[in-house]
Amino acid sequence: VYTDNNFETDVKGLYVIGEAAGTFGLSRPGGSALNDTQVSSLVASEHIAENVKNIPPVTFVKSRYEDISEKFITDETVDYSYIPEKMSECCSFIRDEEKCRKLLSEIETLLENYPVKHKDIESFFRDRDMLISARALLGAIIAEMPETGSRGGAIFVSEGKRVTEDVSYREYLTVTDGNDVYFEKTRTVPETDRPFEYYLKG
């Protein structure tokens with residue numbers, strides 16, 4: 001998820017930290033993930049505290065909840081618990097393009113026909129958000145990995161064969177914007193004695 005230096009997304013008041021914020025490079029030393037997440041949490045929480053009066057109320061959530069709750073039907077048989085398992089099969093260390101495309105098609109169909117029924121209204125929203133997130137991740141993998149090949153900790157497989165990494169993409173950040181994915185050249189990490197988190201405030 002693309003964020004600014006305060007880890008705020010382009011949705012005002014929505015912050016994303018850690019790996020989800022894309023702050024992790026391909027050649028980072030082991031053990032830095034926890035520190036990065038702690039620092040991004042601190043930066044985001046400080047920004048929230050400083051700007052809490054400027055964050056708009058989430059009235060759209062309330063109105064959406066009220067709209068759904070009027071039509072909502074309780075149905076104990078609705079179950080999307082198999083989706084995370086399928087996501088693990090497609091999106092973990094080995095990312096198979098054909099499997100990703102097949103699952104993306106299945107998830108898009110589920111979202112197009114998402115019923116106004118579930119075990120309870122909380123599960124309705126949670127599973128809908130899970131499906132939307134899964135669609136975004138699968139879309140990003142399908143758009144990115146044919147270009148970059150296998151990179152980081154992921155092996156990309158297409159037509160049954162491992163796709164080797166195009167190392168020129170190590171200088172680029174993959175940005176997902178809605179259904180579009182594009183590459184943005186990253187800045188060079190400064191040569192300094194200061195930790196990189198110091199520069200996040202700049």
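Modeller: A salt bridge here is a side-chain nitrogen of Lys or Arg within 4 Å of a carboxyl oxygen of Asp or Glu. In general, side chains of opposite charge can pair when their charged atoms come close. The model is predicted, so local features need pLDDT of at least 70 and side-chain atom pairs count only at pLDDT 80 or more, while totals for chains, interfaces and linings use all residues. Residues are numbered from 1 along each chain as its sequence is written, and side-chain values use heavy atoms, with hydrogens and water left out.

To place the pairs, some layout is needed. The chain has 5 helices and 7 strands; helices (H or I, at least four residues) and strands (E, at least two) are DSSP runs, numbered from the N terminus. Along the sequence their order is α-α-β-α-β-α-β-α-β-β-β-β.

By the rule above, the count is 7 salt bridges. One of them joins aspartate 75 and lysine 117, with 3.5 Å between the closest N and O atoms. These two residues come from distant parts of the chain, 42 residues apart: aspartate 75 lies in the loop between strand E1 (73–74) and helix H3 (82–91), and lysine 117 lies in strand E3 (residues 117–118). How far each is covered can be stated with relative accessible area: buried means under 20%, exposed over 50%, and partly exposed in between (1.4 Å probe, protein chains only). Aspartate 75 counts as buried because its relative accessibility is 17%. Lysine 117 is partly exposed, because its relative accessible area is 32%.

Another salt bridge pairs lysine 86 with glutamate 106, and here the closest N and O atoms are 2.8 Å apart. This pair also links distant parts of the chain, 20 residues apart, with lysine 86 in helix H3 and glutamate 106 in helix H4 (residues 97–112). Lysine 86 has 30% relative accessibility and so counts as partly exposed. Glutamate 106, with a relative accessible area of 24%, is partly exposed.

Glutamate 165 and arginine 170 form a further salt bridge, at 2.8 Å from N to O. Glutamate 165 counts as partly exposed because its relative accessibility is 24%. Arginine 170 has 45% relative accessibility, so arginine 170 counts as partly exposed.

The setting of these pairs can be given for the chain as a whole. Buried residues make up 29% of its 202 residues. Threonine 3, in the segment before helix H1 (32–51), counts as buried because its relative accessibility is 17%. Leaving out residues up to four places away in sequence, threonine 3 touches Glu8, Thr9, Val16 and Ala21, where contact means heavy atoms within 4.5 Å. Of the chain's contacts with a separation of 6 or more, 56% are between residues 24 or more positions apart.

Finally, the helix H5 (residues 121–148) has 28 residues and spans 40 Å from its first C-alpha to its last, close to the 40 Å expected at 1.5 Å a residue; the expected span is 1.5 Å times one less than the number of residues. Just after H5, glycine 149 has a positive phi of about 75 degrees. Further along, isoleucine 155 is in strand E4 (residues 155–158), and isoleucine 155 is partly exposed because its relative accessible area is 34%.
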